[in-house]
Amino acid sequence: MGRRFRLLYGGLVVLLATAAALAAATLVLSAIGAKPFATFVVILTGPLHDLFGVTEILVRAVPLILVALGIAISFRSGILNIGAEGQIMIGILSGTAVALAGPGLPRLFLLPLCLLAGALGGALWGGIAGVLRARLDVNEILSTVMLNYIAAQLYTFLLRGPMIDPNELMTGSGTPQSTRLPHNAWLDRIIPGTRLHSGIYLALGLAFLVWFLLWRTTLGFRLRAAGAGSKAARYAGIHVERSLVLAMLMAGGFAGLAGAVEVAGVHHRAIEAISGGYGFAGIVVALFGGLHPAGIVPAAVFFGLLLVGADMTQRSAGVPANMILVLQGVVILAIVSAKMYLRNPYAQDRAFRLLRRMGLVRDARAGEAGELSAGAEP
Amino acid sequence: MLYDILSLGVPFSVALLLAALGEMFNQRAGVFNLGCDGIMSLGAFLGFLPPYLLRTSTLFPYANLAGFALAALAGVFLGLVFAVVTVTFRAPQGIAGIGLQMLGWGLAGTIFRHFIGGVTGVEGVAAWPIPVLSRIPYLGGILFDHNPVVYLAMLAVPASWFLLYRTPWGLRVRAVGTHPRAADTMGTSVTRVRYQALMLGGAMAGLGGAYLSLCQAKMFADDLVAGRGFIAVALVYFGRWSPFGILGGALLFSLAQALQLSIQVGGIKFPYEFAVMLPYVMVILVLALARRSRMLGPAALGRPYDREMRV
């Protein structure tokens with residue numbers, strides 16, 4: 001069972017999850033009286049009609065890639081970061097605050113400082129959950145979910161109070177949003193007339209770096225070892241608690257960076273509802289992409305398409321955009337079930353025989369054809 | 001002041017109490033159900049639906065009851081979905097729970113926005129003071145002057161205790177959550193008991209959600225549940241997996257909420273957002289302090305059982 005089999009096998013998981021999501025979506029859409037097929041067509045092709053739609057997909061893919069990379073690091077290291085939503089908000093707050101604090105600084109310093117501040121803010125917020133888990137054994141899922149709610153309140157408090165644009169107070173409209181960032185802190189727009197910004201290069205570059213970190217460095221090996229089997233890793237001399245905290249710092253950092261990039265690239269100020277569910281969608285993107293950068297990038301583009309398409313159906317077909325949450329939920333349930341079920345050596349062996357009969361994989365070990373390989377790598 | 005806090009706090013605790021008791025059965029059977037929050041969302045919406053739809057019909061007197069029944073049914077259904085995923089397919093429970101939460105929350109939001117749209121109130125369940133007892137000074141107002149669901153929920157605490165510790169089914173639940181292999185060897189079907197526990201837990205979470213929309217807020221909005229399902233999960237840790245401990249935890253949280261409300265009404269300047277934050281901060285503190293009690297938890301909590309595997 002070689003590399004090719006594992007690839008096909010991983011593809012099977014994604015295929016099953018997609019099928020389950022489609023089935024669930026069909027059910028829900030019929031229940032609310034919409035035409036399922038027509039809705040799917042709108043979601044999947046609507047954004048592709050013009051250049052603006054296509055660039056919008058990429059605009060959403062940027063934060064999704066960043067968030068999902070962080071989540072992939074944390075999941076691979078054995079700590080489940082559900083707190084990206086809150087970390088994004090803290091990243092937005094700290095990135096905005098730094099950019100507003102130094103409007104006179106040259107672009108060469110201000111923009112990197114703004115992004116760095118976002119990443120640091122997110123890392124601190126994620127680090128809380130990491131330290132709580134490593135020191136006090138607090139379940140990280142619960143603590144990150146709670147930190148999401150806390151961050152959301154902090155975000156509204158700051159945007160309505162201390163960080164509100166003074167103009168809003170003067171005109172009396174009181175929209176909760178910060179002052180506009182100085183131009184020196186903006187990311188370039190790549191295509192004029194669209195919102196596509198240079199953050200996409202950053203996201204792709206970091207995708208490569210994460211791959212390099214996880215699979216080509218000692219640190220990455222330690223992280224993955226701690227995630228794969230903490231007892232064995234500890235026995236091999238790996239400081240498991242330290243890698244948990246480190247993984248959460250990185251995951252939070254990526255989410256915070258996503259927030260700062262979103263501010264510097266798209267909105268140019270902190271506004272309410274900016275994170276737009278990227279934190280939760282990022283979890284799905286990471287799982288859909290097989291927790292690997294090479295899978296995460298296409299998965300993020302695909303979910304970017306879904307997000308833009310869901311907005312369109314809200315306007316054209318009257319299907320609420322909350323629908324996307326249902327899809328995400330079903331995709332998660334389907335992926336984790338399919339992965340677990342297919343890890344079963346008997347199921348693997350059946351799949352292997354089937355694929356071999358179809359001529360899709362060759363047997364590397366001709367003599368042992370069909371023999372049960374109980375220890376096969378999942 | 002103290003009287004106000006106590007008489008507000010008792011009804012506030014019910015949604016948390018019901019959901020946490022349900023979660024206790026899940027965890028006692030060895031399954032960690034983080035989807036509780038999503039089940040509550042769907043329950044809150046479906047509980048609200050019949051009174052909303054039947055508001056002009058002659059069937060209206062039964063609408064609240066129908067709401068609770070519908071919410072419980074939806075809870076059973078989502079519990080069943082979770083059982084298929086975590087018991088039959090043995091998926092990791094933490095991340096699967098987040099999937100279930102998104103599913104329940106998304107379903108409630110989608111149907112709500114499509115058919116109803118804006119925030120709408122319902123008449124809800126009226127208070128139902130217990131004849132003589134509610135006239136006792138102070139104590140009557142705190143304990144015996146609420147809607148009937150409050151009394152039923154309080155009765156659910158000893159009932160859950162009895163079910164868990166004094167019935168054969170409760171023994172099976174505890175066995176399956178402590179040592180599934182031993183239970184399996186003795187002829188108890190681990191799968192079946194876990195399915196049953198998840199369905200019961202789902203029904204109770206659904207009822208807790210319906211209580212929120214029908215008795216507490218008397219309206220539905222997308223974010224009505226606001227993480228109460230996650231707080232309920234934390235309460236199970238805090239209450240050390242026992243019904244009376246969970247009651248104490250639920251009261252602690254709801255009293256904190258009532259305290260915060262009365263501080264605001266009392267006119268003390270305090271940013272609203274920090275007041276809303278309080279319960280979430282409390283959950284983290286509670287989890288950090290409840291560290292040692294984790295030893296008392298079900299030994300097989302979070303571990304899928306596979307009869308064909310060694311270990």
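Domain bounds in this predicted model come from an automatic or database domain assignment.

**Figure 1. The two domains of chain A.** Chain A of the predicted model is divided into domain 1, made of residues 1–34 and 322–362, and domain 2, residues 47–318. The C-alpha centres of domain 1 and domain 2 of chain A are 27 Å apart. Contact between the two involves nine residues of domain 1 of chain A and eleven residues of domain 2 of chain A. On the domain 1 side, helix 1 (3–31) and helix 14 of chain A are the elements that each give two or more residues. Helix 14 of chain A provides the largest share of that side, six residues. By class, the domain 1 side comprises seven nonpolar and two polar residues, with no charged residues.

**Figure 2. The side of chain A that touches chain B.** Here 36 residues of chain A are in contact with 39 residues of chain B. The elements of chain A that give two or more residues to this side are helix 5 (107–136), helix 6 (140–160), helix 12 (278–288) and helix 14 (323–343). Helix 14 of chain A gives the most, with twelve residues. The class composition of the chain A side is 27 nonpolar, eight polar and one charged residues.

**Figure 3. Helix 6 of chain A.** Helix 6 of chain A has 21 residues, which should span 30 Å at 1.5 Å a residue; the end C-alpha atoms are 30 Å apart, in agreement with that expectation. Of these 21 residues, 17 are buried, and helix 6 of chain A is thus mostly covered. Helix 6 is also one of the elements that give two or more residues to the side of chain A that touches chain B.

**Figure 4. Helix 11 of chain A and the residue that follows.** Helix 11 of chain A runs over residues 240–267, 28 residues in total. From first C-alpha to last, helix 11 of chain A reaches 39 Å, close to the 40 Å expected at 1.5 Å a residue. Helix 11 of chain A is largely enclosed by the rest of the structure, because 24 of its 28 residues are buried. Just after helix 11 of chain A, His268(A) adopts a positive phi of about 65 degrees.

**Figure 5. Confidence along chain A.** The average pLDDT of chain A is 87, and 95% of the residues score at least 70. Over residues 366–378 of chain A, pLDDT stays under 50. For this stretch of chain A the model has twelve contacts beyond four places in sequence. Where pLDDT is low, predicted coordinates should not be read in detail.

Key. Residues are numbered from 1 along each chain as its sequence is written. Chains are lettered from A and ligands numbered from 1 in the order in which they are written. This is a predicted model: local features need pLDDT of at least 70, side-chain atom pairs count only at pLDDT 80 or more; totals for chains, interfaces and linings use all residues. Helices (H or I, at least four residues) and strands (E, at least two) are DSSP runs, numbered from the N terminus. The expected span of a helix is 1.5 Å times one less than its number of residues. A residue is buried if 20 or more other C-beta atoms lie within 10 Å of its own, exposed if 12 or fewer, and partly exposed in between; C-beta atoms are placed from the backbone. Two residues are in contact if their C-beta atoms, placed from the backbone, lie within 7 Å. Ala, Val, Leu, Ile, Met, Phe, Trp, Tyr, Cys and Pro count as nonpolar, Asp, Glu, Lys and Arg as charged, and the others, Gly among them, as polar. pLDDT is the predictor's confidence in each residue, from 0 to 100.
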